[in-house]
Amino acid sequence: MLKPIIIPAKYNYIAVFLSLECNLHCSYCINRFGGFSPARPLLSGEDWRAGLGRIVSRPDLPVTLGGGEPSLHPDFTAIINGIPAELNIDLLTNLQFDIAHFMAEVPPGRIRRESPYASIRVSYHPEVMDLEQLAEKVLLLQRAGYSIGVWGVLHPHQETEILRAQRYCGALGIDFRTKEFLGEHEGALQGSFSYPGACDRRTMRQVRCRTSELIIGPGGDIFRCHGDLYDGRAPVGHLLDPDFTIYEGFRDCDCYGFCNPCDVKLKTNRFQIHGHTSVEITGASD
Ligand code: SF4
Ligand code: SF4
């Protein structure tokens, strides 16, 4: 018997990485920031159904399916349809999948909730994607009633194209938003971070850290942070451990300096309020 997993009130994100593999290869992919290997065992659709069915959350805190590219999971639509109706779902995708099949399997109302942004968030990557084709797919889904929008990363080399894409999509009635580029560009780390030095990957330091996110990897392992997931560090639990409960306190960490930008950046929370950071770290400046 699997105990319910009660999401703490202060938690801001439930991230479910169905697959870390991706069918695109963007040069700036944040997943590849550290010592990343995408090939991981995948939890079966049935196990995801059992594991995600334990989660007790709030209407404003959905389960966010992402990756890599989540649609690469062989049971992608069955996993979506197996998530209990009480849990809202958001989807992060590059939309490089068969949308006719998706529309036949997943009703629009299943991925739609009251929020200041779309529930299906499509990433546009000009290096590897065709904007016109992408916009066509988005419009098809939008006209069928899906809550969908597009996001572009303001990478220094692609800012002009992203802003052009935003105008193009805006004229078609597509919600297109931009997000800050996080990662290294010309030897310098780009982005706004709450803990300077956390991502410089020079020396590992001991700190104490606590998160406000539930991070679940492709095999059902639960991690302290994105950095642990991507770098293959030890998990702190497993979605199918019958006794798993969320520990809200600080944990020791000896990997400070090798954090992932996703964990320590200054960002907006689920209410779109800026100034939030996923983790709280003490001892970083001692
Ligand atoms: S689409 Fe996203 S996950 Fe895939 S390579 Fe590009 S940035 Fe990475
Ligand atoms: S200090 Fe960095 S690497 Fe360690 S748990 Fe926190 S975010 Fe992860």
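## A tour of aromatic pairs and a cavity

Searching the whole structure turns up seven aromatic pairs. Keep in mind as you go that this is a predicted model.

**Stop one: Y124 and F176.** Select these two residues and show their side chains. Together Y124 and F176 make an aromatic pair with 6.3 Å from centre to centre and 70 degrees between the planes. That angle counts as edge-to-face, because the cut-off for this class is over 60 degrees. Now colour by secondary structure: Y124 belongs to strand β6 (residues 120-124), while F176 belongs to strand β8 (residues 176-180). The pair thus links distant parts of the chain, 52 residues apart.

**Stop two: an aromatic cluster.** Next, select F76, F97, F102 and Y146. These four form one aromatic cluster.

**Stop three: the cavity.** How many cavities of 30 Å³ or more are there? The count is one, and the space in this largest cavity comes to about 280 Å³. To find the spot, centre your view on T211, F223, R224, C225 and R251, which lie nearest the centre of the cavity among its 28 lining residues.

Finally, colour the lining by residue type. You will find 19 nonpolar residues, three polar and six charged.

Terms used:
Residues numbered from 1 in each chain as written. Chains lettered and ligands numbered in written order. Predicted model: local features only at pLDDT ≥ 70, side-chain atom pairs only at ≥ 80, totals over all residues. Heavy atoms only, no water. Phe/Tyr/Trp six-rings, centres within 6.5 Å; stacked < 30°, edge-to-face > 60°. Helix = DSSP H or I, 4+ residues; strand = E, 2+ residues; numbered from the N terminus. 1 Å grid on protein atoms, 1.4 Å probe; cavity = no way out; pocket = protein on both sides within 12 Å on 5 of 7 lines; lining within 4 Å. Points joined across faces, edges and corners; volume = space filled by probe spheres on them. Nonpolar A, V, L, I, M, F, W, Y, C, P; charged D, E, K, R; others polar.
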